[in-house]
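Have the model open while you read.

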Amino acid sequence: MTLLSADALLEVRGLKTSFPIRSGVLRRVRGAVRAVDGVDLTIYPGETLALVGESGCGKTTVGRSLLRLTEPTGGNIWLSGVNLTRLSRQAFKTYRQKMQIVMQDPGAALDPRLTVRDAIAEGMDAFGIGANAEARTQRVAELMCRVSLDPELMWRYPHEFSGGQRQRICIARALAVEPVLLICDEATSALDVSIQAQILNLLGELKAERGLTYLFITHDLGVVRYFADRVAVMYLGRIVELGKTERIFAEPMHPYTKALLASIPSLDPARRRVKPMALGDVPSPAHPPSGCHFHPRCSVRLDLCSQYEPPVVPLPDGLSRCVLAQESRAGEAGPAPASAAPGAAPTACRAGTPTREPRLD
């Protein structure tokens, strides 16, 4: 039985989303791309949880699966204690109002045939918000003012706006139905730096005013450090580390998290000479490596990393999915007992033959 947190706004347990691979004349299923492979997340009211990782790790699919824009193939999603995965499409409509998304490309997210007024009011029409068309137009004007756009521009079309203005329109559209959770999918990545700062400041102000909760999907670690309360690091469909932002940046536990942080551009010449900690390319999610998914690229891997699933190691502020984190926590706790329990997975460090593989340069 899954135990839920009484304080959580959104809880995700064992979320899986796969896409079938079809081939042949009859288009038979020959395999599956495991885009999301057993993700667990808990998001609390009023916080910003950043979901980070390389392109193709499954971040966007997680966001789309939470909204059931892409139907998950396994797991459960609870919003305020209600299991959304058990609801019919009709019953889920009520809860979709509480969760909205801001897409990466505002140009593609807005229908070019609709005026800005109609684009923002579309959600209000769908959920019956506003007494009539005039009341919705008035609300559109208020929302445009709040996102620093001139309400007189509401009768224009999306192509008449800049990229930053279009993203503000998307934010206004999401706010129109009064959500409690906003999923920002690379909401600032398509904008230049000065506009990014304006959008982030706007999101911060809206969070303080409306008590919004954010799932902030991004690969920009500089933005994460500024904006997020906690960070979930994702690799090949799995969460490999989770913790408070300060701890993740100061003391990362997983080799992949360290590799991501080492990839941040630096003005320090000493840092620029450091060899990369992640080797090679990301494996295919259709054929993930055995054991720890990161072991083919890890410069500090052990022999057992390719043989066993890594343990989920609880940390004071989150978790890490790595045998090295397990050893580190065991060392902090004191000497290990003389004998392990029957059937226990082997630990990484033992007296005798070294288990480390040579570094790959």
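**Cavities and cysteines**

1. The second largest cavity holds about 40 Å³ of space. A cavity here is a set of points on a 1 Å grid over the protein atoms alone where a 1.4 Å probe fits but cannot get out; the volume is the space filled by probe spheres set on the points, which are joined across faces, edges and corners. Keep in mind that this is a predicted model: local features need pLDDT of at least 70, side-chain atom pairs count only at pLDDT 80 or more, and totals for chains, interfaces and linings use all residues. Residues are numbered from 1 along each chain as its sequence is written, and side-chain values use heavy atoms, with hydrogens and water left out.

2. Lining residues (an atom within 4 Å of a point) of that second largest cavity include Val52, Leu221, Ile248 and Phe249. By type, the lining splits into 8 nonpolar, 1 polar and no charged residues, with Ala, Val, Leu, Ile, Met, Phe, Trp, Tyr, Cys and Pro taken as nonpolar, Asp, Glu, Lys and Arg as charged, and the others, Gly among them, as polar.

3. Which element gives the largest share of this lining? It's α10, with 3 residues.

4. Searching the whole structure turns up 2 cavities of 30 Å³ or more. Arg238, His293 and Arg321 are among them.

5. Disulfides (cysteine sulfur pairs within 2.5 Å) number 0. Cys184 is buried (under 20% relative accessible area), at 0%.

How values were computed
Buried < 20%, exposed > 50% of the residue type's maximum accessible area, 1.4 Å probe, protein only. 1 Å grid on protein atoms, 1.4 Å probe; cavity = no way out; pocket = protein on both sides within 12 Å on 5 of 7 lines; lining within 4 Å. Helix = DSSP H or I, 4+ residues; strand = E, 2+ residues; numbered from the N terminus.
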